[in-house]
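Here's a quick tour of a predicted model. Have the chain open as you read.

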Amino acid sequence: MRPRPPVRAATSALAAIALAGGALGGCSAAAPGGPPAPGATMTPPEAAISPPAAGTPARPGRPLVVETVLGPVDLDPARLSGTTDAMLARALYQTLTTLSAADPTRAVPGLAEYTISPEGRWLTLRLRAGATFADGAPVTTDDVLFTLRRAQGLGGPPARVLGPVRMTKVDERTLTISSPDANFALPVILANPAFGILDSSVVKARGGTIGPQDTAGRWLQTHSAGSGPYVLGSRTATSVTLEPNPRWSGPPPAHPVVRVKTAGAIQQLADLTAGRADIVLDLSPRQAQRLRQDAGDTALRVVPVRSSTTAYLAFDVRPGAGRWTAEPGFAAAVRDGLDRAALTRRLHEGAIPAPGLLAPGVVGALKQATNPTPAPGAPAAGQRDLRAARVALERAGYRGQPVRLVYARDRPIAGLPPQALAELVAGQLAQAGIRVETQGLPTAKVEPALATGAAALVLRGFTPAYLGPGAYLSFAPGRPLGLQAGWAVGADPLVDRLTVAAMDSVGAQRTAAYQAWQRAMGSSGPFVPLVQPIRHLAHDGRVGTLATNPLWTVDLAATR
């Protein structure tokens, strides 16, 4: 064990709080125009190579109060499960790479410079000199190897995103990561806060190891072991407080103490207008519209941000899970019976129509929503076709039996109220002849319902772990989301072939390959993309600029 100064223990109090895992979304992306040139070395900006000396002292005063719907929060980076977890991990831990503020689909150096090999199978990383953890210990290659191998060993969503890569130590500041196949997305993947670098000696002393025997996760709920701008100060059942990292050498945060509190959307708006909250993250489109109208000359501002989340319907096609969701004709009727453009209008500027599974701007995204199975004489692809929907229902033998649509009632989908979206979907499908009964469940009960087949039709949100097409393959047969819907390899040989083709595609081939895959998925898959939400954040006069990002929502340290 390397020498180190005494560990600074963060004061913390953990009240009874339910920890629940969740799906780490995934999508890989290169910047517009593709990944970095093969063999190119990404040189960090001057501040990343030699962090500036502390500048103007941070503004004094009360903590910056951020309100959101916390839900189950996991502060172990390797187990993070949502955008709130990612926002907190971003503040506590640094990653080897980060995402460009100007283009979040492009990776730039973080803790390390990197070079990717021409064929995309080798990534060489060189740690920044002088980087230290909050207790003063230097960040070394051993810490990086432990962090990444621990994430792999835990076998959760981050492990699936990272994939079967191998890590090799070169020296105390250099390592290589190799992939069995071309993987130009690795630099972007490593920017996800799930791969925040841990102080390995500290975490090992608290039960951290490689594999399912790891017991450090409980300790990491009330302590931090990173090199980010903040350390974990305290935690209760309803809030997380971040305090300044005394050894942070980057630009000092404008707000040295941040408190992230849980609150519903109605309470968030009330607290913002009353001065009890400085930033709120889950305003509905109606609330944002009202706040704009009422703000007048006040310092309150609404910040619309297109999220990377896609709201979608999922059918459970396992035998016995649902009488109708496993019936292809019923699924076709749902697709034909939905009008995505009308959904977005009813959501009051809260979303844009989802053109497919891949979000707009990602390599391979469809330019417009496609309807691959129109009846003869039906409207053009992508348009609602109630006649085709009724024909499909007749073919399926459906006669108006009730179908339950389940959603997480306490977790907005990137700011969209799930109940409102579920009711809009139910209303449209009723016009097509489908009787939908909506049921909101607590977030903690949705996953068990999916596992047992009790939620045969579900409204969900998918948030990618990195901005590009690769992780959307999680929807494919035999992949995590596909399996959750009961869709195994072999269920659709055409989709299987197109999945492999998309995965193997490179360069200019990727757009056509992923578009073909999406069209096939739209024809027979158990998923129906609905809308991509526009998230409405708001802040008061204590905040001049929100540093937003589609993966971690807000960079708390960079917010001024």
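The largest nonpolar core has 43 residues, and Leu96, Leu125, Leu148 and Ile177 are those with the most contacts inside it. A nonpolar core here is a set of buried Ala, Val, Leu, Ile, Met, Phe, Trp, Tyr and Cys residues joined through side-chain atoms within 4.5 Å; buried means under 20% relative accessible area and exposed over 50%, with partly exposed in between (1.4 Å probe, protein chains only). This is a predicted model, where local features need pLDDT of at least 70, side-chain atom pairs count only at pLDDT 80 or more, and totals for chains, interfaces and linings use all residues. Residues are numbered from 1 along each chain as its sequence is written, and side-chain values use heavy atoms, leaving out hydrogens and water.

**Cores**
- At least two residues of the 43-residue core come from each of α2 (83-92), β5 (112-116), β6 (122-127), α3 (141-154), α4 (157-162), β8 (174-178) and α5 (186-189).
- α3 gives the largest share of this core, four residues. Helices (H or I, at least four residues) and strands (E, at least two) are DSSP runs, numbered from the N terminus.
- Ile177 touches, among others, Trp122, Leu123, Leu125, Leu148, Val165 and Leu186, leaving aside residues up to four places away in sequence. Contact means heavy atoms within 4.5 Å.
- Another core, of 36 residues, lies apart from this one and includes Leu343, Ala389, Ala392 and Leu405.

**Helix α9**
- In α9 (residues 285-295), the buried residues are Pro285, Gln287, Ala288, Leu291 and Ala295.
- Those residues sit on the same side of α9 because they cover an arc of only 160° around the axis, taken from the directions from the helix axis to the C-beta atoms.
- Their cover includes α8 (265-274), β12 (279-283), β13 (301-306) and β19 (527-539).
- Just after α9 comes Gly296, with a positive phi of about 55°.

**Rings**
- Tyr312, Phe462, Tyr472, Phe475 and Phe527 are linked into a cluster by ring pairs, meaning Phe, Tyr or Trp rings (six-membered ring for Trp) with centres within 6.5 Å.
- Arg323 has its charged end over the ring of Trp324, 3.9 Å from the centre; the cut-offs are CZ of Arg or NZ of Lys within 6 Å of the ring centre and within 35 degrees of the ring normal.

**Confidence**
- Mean pLDDT (the predictor's confidence in each residue, from 0 to 100) is 86 for the chain, and 86% of the residues score at least 70.
- Residues 3-59 stay under 50, and residues 369-381 also stay under 50.
- Where pLDDT is low, the predicted coordinates should not be read in detail.

Terms used: Phe/Tyr/Trp six-rings, centres within 6.5 Å; stacked < 30°, edge-to-face > 60°.
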